[in-house]
Amino acid sequence: MYKCWLYYFDKELLKELPILSYDKTVEQLILTLPEGVYSTLRTVQKNKIFQFSFHLNRLVESYSLYKNPFRFDINKIRKPLQKIINDYPAEEIRIRIHIPLNEPENCYIILEELSTPGKLAYKNGVCVNTNNLTRNNPKVKLTSFIQKSEKIKKFCNENNLEESIILSPDKKLLEGLSSNFFAVQNMQIFTADSEVLSGATRDIILEEARKAKIKINYFPISYDQIEKIDEAFISSTSRGLLPVIKIDDKQVGNGRPGKITTFLLSRLNERMLLEAENII
């Protein structure tokens, strides 16, 4: 069960909104709100948020890139957010912050219990498929993209697929619907850059790869290269790093998470604990 609040930047007022029906997912609930920019966050040890400042800054940046400079202090959200997190009955929480494009004085906050893939998914890897969606502006996280991707997400859920990877017009594997995508070949990482949404988790993974002297190529692999790569993985705030062993009907490598994937998963888990930020 999730809850939704409306925070008014101009009044510094927080109001809990009634949920009339819980037959909608959080994504479907967001589609009933005015179109806007959003970010997804997660708590760590209940009262801290992983890469909190990054997500707040990305909200402001997304709004400013699409509309006009954001005229409110985004940090005003910290105090009311801490209160509702403390009161929310879950060990770990997934948070959606949504700012409408035409009503930036309003900020919707949706909380639900954090659900992550099971331990076997991280140990054995997951399967994904591909799609031909496009983001109008890859650097802006707009709720309109949620609507475009709804049918694909439903198909993935019904077919035990963890994610769906967006293909460029020339069949390059860019990013997931809600994740970044990485391929490994000959001990080198390949990942799209300017064509995709940046992410805090992605940044940490790339930083750890550089520290380990793993070469990073900032361009995506082609669809016809899938069976030639050794490893693949996706990353997001909620999932962390998740090994990918199959894309459509094509097996990745030997069908098991590889050494670089496993190493970076371990490093990310350590960094997640270290970089969980106090809300206030």
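**Cavities, pockets and a helix crossing**

Hi everyone, let's start inside: the lining of the largest cavity divides into 3 nonpolar, 3 polar and 2 charged residues. For these classes, Ala, Val, Leu, Ile, Met, Phe, Trp, Tyr, Cys and Pro count as nonpolar, Asp, Glu, Lys and Arg as charged, and the others, Gly among them, as polar. This is a predicted model, where local features need pLDDT of at least 70 and side-chain atom pairs count only at pLDDT 80 or more, while totals for chains, interfaces and linings use all residues. Residues are numbered from 1 along each chain as its sequence is written, and side-chain values use heavy atoms, with hydrogens and water left out.

A cavity, on a 1 Å grid over the protein atoms alone, is a set of points where a 1.4 Å probe fits but cannot get out; a pocket is an open set with protein on both sides within 12 Å along at least five of seven lines, and lining residues have an atom within 4 Å of a point. Grid points are joined across faces, edges and corners, and a volume is the space filled by probe spheres set on the points.

So which residues line the largest cavity? They are R135, N136, N137, V140, L142, S144, F145 and K148, around about 80 Å³ of space. The second largest cavity holds about 30 Å³, and its lining has 5 nonpolar, 2 polar and 3 charged residues.

Of its 49 lining residues, E27, R94, R96, S178 and R239 are the closest to the centre. Helix 5 (residues 144-158) gives the largest share of that lining, 9 residues. Helices here are DSSP runs (H or I, at least four residues), and strands are too (E, at least two), numbered from the N terminus.

The second largest pocket has a volume of about 200 Å³. Which helix gives the most to its lining? Helix 7, with 3 residues.

Helix 7 (residues 259-274) also meets helix 6 (residues 200-211): their axes come within 10 Å and cross at roughly 120 degrees. That makes helix 6 oblique to helix 7. Axes are lines fitted to C-alpha atoms, for helices over the stretch in contact, with angles from 0 to 180 degrees between N-to-C directions. Angles under 35 degrees count as roughly parallel, over 145 as roughly antiparallel, 65 to 115 as roughly perpendicular and the rest as oblique.

In contact (heavy atoms within 4.5 Å), residues including I204 and I205 of helix 6 meet residues including F263 and L264 of helix 7.
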